[in-house]
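Please find below a note on the structure, arranged as numbered points.

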Amino acid sequence: MSVRRGKLWSRTVFLLILATVAGVVLLPVFYFLTISFASNYEAYQFPAKIFPTFSYPAQLRYNADKENYTLLIKKGADFEAVKTTSDTSDFSLYCKSQLNVLIASSEVQALFDKAKGADHAIPIKLKKAFFRNYVVFFILAEGTMRALFNSLKAAGWTILISLVLGGVTGYILARYKFRFSNTFSTGLLVVRMFPAVALSLPLVVYIVRMNLYDTPFALAIVYSVPNIALTAWITSSIFKGISVELEEAAMVFGATRLKTLLTITFPLAFPAIVASSLYAFLAAWNDSITALIMTNDNPTLALLVYRTVGSSTIPNLPAAGAVVLLVPSLVFTFIIKNYINQLWGNVAL
Amino acid sequence: MHVSRRTGFFKSPTWFLVPVVIYYAAFWIRPTISVIIESFTDKAGAFSFSNYVRLFSQEAIRTAFLNTVLFTVGSAIIQFVLAFALALWLNKKFRFSNLVLFITLIPMAFPPAAVGILWKTGLYRFGWINSFLCAIGLMNPANPVDWMSFRNLNAVMLLIVVDTWTVLPSVMIILLAGLQNFNKEFEEAGWVFGANKFQTLKDIVFPIMKPTIITAMILRMIAAVQVWLIAVMIFGYNVVPFLVERIAYNVDVITFAKYARKDAYTISVIVAAIVLISVSMYLRVSGDKQKGGETT
Amino acid sequence: MSYLELNSLKKTYPNGVTAVKDIDLEIEKGEFVVLLGPSGCGKTTTLRMLAGLEEVTEGSIILDGKDITHLPPRQRDISMIFQSYAVWPHMTVAENIAYPLKLRKMDKQAIAAKVQEVAKICKIVDYLNRYPAQLSGGQRQRVAVARALAVNSKLSLMDEPLSNLDAKLRVSVRTFLKEIHRNTGATTIFVTHDQAEAMALADRIVVMNEGRIEQVGSTREIYNECESLFTVQFMGTPPANIQKVALASSQGRLVAAAGGGEGAMSLDLGDQSAFPGIERLMGEEVFLAVRPENIGIGEPNGINETSIEIVEPQGAYTILVTNVLGGEWKIMLEGDVDIRIGQKVSLEIDPGKVMLYDTQNKKRISLT
């Protein structure tokens, strides 16, 4: 029947689109996550794996002629020799730095003895320290935790400044028509047109004069410049979505303007306003360039990741940092998806 | 709806805008003016167009200008089409549509640094893109393509793809909000009165959605003209020059070169001018935005 | 074969909710049929299935001999007036009316002539170049009517088109719609939850409840010969007085008793001879329904004596509230009746208008 065929057809197209969308978004993300868990050895493998591994299928061979040992790791159908040594601590160090496998010299000795006893390569299992990259990046590397706190502080201040100044602006743009209101909202748009990178240079001078150089607060001041404008648009969209009559009702029943704002408008707008702070958060949390110019000894996490991308040829460590950078952003995105309509529904430039 | 209950000048609620105005005067207008002045003065501080003359004679700047235009136009068109299609699709409620919405929004959460790592690890000769293409049999593992060796137009197109992956959700989100506010009966009336799906989209949905589309596209164009970070993260400085990439190069790399600051400031003014001109041109072309009227 | 046939129409949404269960309906050419029912009864879903805006789960729709069950809306040759009017905001009034004609590939002059013609009928000639945002609700409504009128479709669908108008306008647009129907003779299906609208407009009313048809009939039949308890409850303002009672005979008169035992109350329904075949129901429990206008009052005479508790004068008629059989009953009298609160009266019930319903299947008990 043609109807059934039509239904099947549209169902197939639907699933195809679904698969494409999910694939295009998730495939890079999966590879990215896997890289963040990859050891240096794995990072050089091609083709790369899409899911992370937990251990290596490996063999240890005793070379009687040279009296040393060779570690072989499975690659495709064969085993590939990756390290040949006779020294247990050298072997242990290789495992730690290249394979993310933590194995003490004494354990290595035991393996060596076993391999020596056998006349062929013995199978061994090397268990990966799964979160090794994260441990190295965050705990062993100096300053990462401090950078994390700097990021949080900068993001917090940015949210505060943008919400207070942008929120007030948004409310007034939504509720009042004044002489320059159109000029004002166009002005907010123009703010975003000037490249932020260029403004950082003269701003550094003011920041130094204000004795704020190299502080998260100074970063927040700069981040807030475009974000106040964005917050103003979004909050004005939110406030436009809340009926004036609700406010008028409160005032009819004797509430002052401020009380109305605090007890009626603000609670109604609150969830959407929280969601709108996502944009301020993301701008501060994700920026690395302004931080590059504005900080010296107190980098943010994003800047740290940015720097490691530039300095290291193996991307697994910076990827681990980037994953941590990504987590709070994802949480915010998860929240924001329920407020799309309120945030952008009444935005008009 | 706008209410204006008190008209007295001092009681006007616009006084609450004073802090914002002060903030912008201090942290935006002041630096902007000093940037503009710097761009129109020579080293000695005298008024001159020498900065502009010097810049326009540079080959790199001309390439950067061309690349920026190509990138802006290309990404705006591709992203609008894809974002609108995606928004139309997501606006239909289906099972797990909320989950699918979240999945499509994930790239929005990626910090530029993460985007850089993500695509850098993907695009080099032994990266995950080639791994994937080999895995599904579209590429010979013995002879992988080195995407990072792309130059000129190919590189710009590659950057448009990467940029689209990253920013599509933020364009889509605005269009989706517009569609959610869109009165479904307008569309249904089109179908009932004889329009097919495409005609309904073209004659009814697009025109009514125009204010939303304009908002989304202006915000996107402003950001697209200022592209640079992904280019630098993937290719490094100087490989695919963009206007703002030139600014960053002057600010970040050759900081102490003789004309580094002057160049950075002058290009900023040029970029701002381009944004301003293209946005107003876009507004002119897309016509009177008031006519869209109410959508509910 | 009828002009429009709905055969065992069924609609189940993907989330498992069944909005329409088994609708069978035949409509003749030129009829004005109203689908009436409370919200959620499936009337709008049925209309949207007719329009092709909602997929049909089971059953078929035949229009003018052609199976249109699975055709897209544009191939059905229908017109529709929407609840929000759906007058496209980016087109002028003239463009709104012309757009469907353009899609039908009519030539330009014919379109212009048609636009003028329907605009004249709908009295919107002066607004042809305006945008909908510049029109009032009633004017937009007229544009929607004009647009539907212009296409000369096989079937005209209306989805609560009056619900967004204020009360006064609603009545005048109602008259206008009826006039248009009289002039064009277009087969029309009109959905509403307002019974006054339904009764004023319809050739036939289809009363719907919980996805099923309760009753199909003319206004008179639907109002006076309610086949189910639902219909009698739903139709009429104020609604019919309904009480669960036991029937008994007392000295040749039919008596309804409620409450039972000590506090038993009874109501004299009149001479038993007015209820032929009532004998088999003696002692049975039934639902008793009496419309407020079918009750009269007289001087207290020992039968059905009660006192008036509330008086609501409405100008053209007066509503009295009193306690009958332990329930609050309403009585509607013509004109402005001079009566005091607390006044003792005797109720006179028109035996011919008393309706009895089975307590099990809620259907009307036929007495003959």
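How many salt bridges does a search of the whole structure find over all chains? The search finds 21 salt bridges, a salt bridge being a side-chain nitrogen of Lys or Arg within 4 Å of a carboxyl oxygen of Asp or Glu.

1. Basis of the values. This is a predicted model, in which local features need pLDDT of at least 70 and side-chain atom pairs count only at pLDDT 80 or more, while totals for chains, interfaces and linings use all residues. Residues are numbered from 1 along each chain as its sequence is written, chains are lettered from A and ligands numbered from 1 in the order in which they are written, and side-chain values use heavy atoms, with hydrogens and water left out.

2. A salt bridge in chain A. K128(A) and E42(A) meet through their side chains at 2.8 Å, N to O. The pair links distant parts of the chain, 86 residues apart: K128(A) is in the loop between β4 and α5, and E42(A) is in helix α2 (residues 40-43). Helices (H or I, at least four residues) and strands (E, at least two) are DSSP runs, numbered from the N terminus. K128(A) is buried at a relative accessible area of 5%, and E42(A) is buried at 15%; buried means under 20%, exposed over 50% and partly exposed in between (1.4 Å probe, protein chains only).

3. Salt bridges in chains B and C. R246(B) pairs with E245(B), with 3.0 Å between the closest N and O atoms, and both residues are buried. In chain C, K114(C) and E117(C) form a salt bridge at 3.9 Å, N to O. These two residues lie in helix α3 (residues 108-121), 3 residues apart, about one turn of the helix. K114(C) is buried at 13% relative accessibility, whereas E117(C) is partly exposed at 41%. A network of salt bridges links E188(B), R48(C) and E54(C).

4. Chain B as a whole. Chain B has 12 helices and 0 strands. Its C-alpha trace spans about 75 × 70 × 30 Å along the principal axes, and 56% of its 296 residues count as buried. Of the contacts (heavy atoms within 4.5 Å) between residues at least 6 apart in sequence, 67% join residues at least 24 apart in chain B.

5. The loop at A129(A). A129(A) lies in the loop between β4 (122-127) and α5 (132-140) of chain A. Leaving aside residues up to four places away in sequence, A129(A) touches N100(A) and L102(A). The C-alpha atoms of A129(A) and I103(A) are separated by 9.8 Å.
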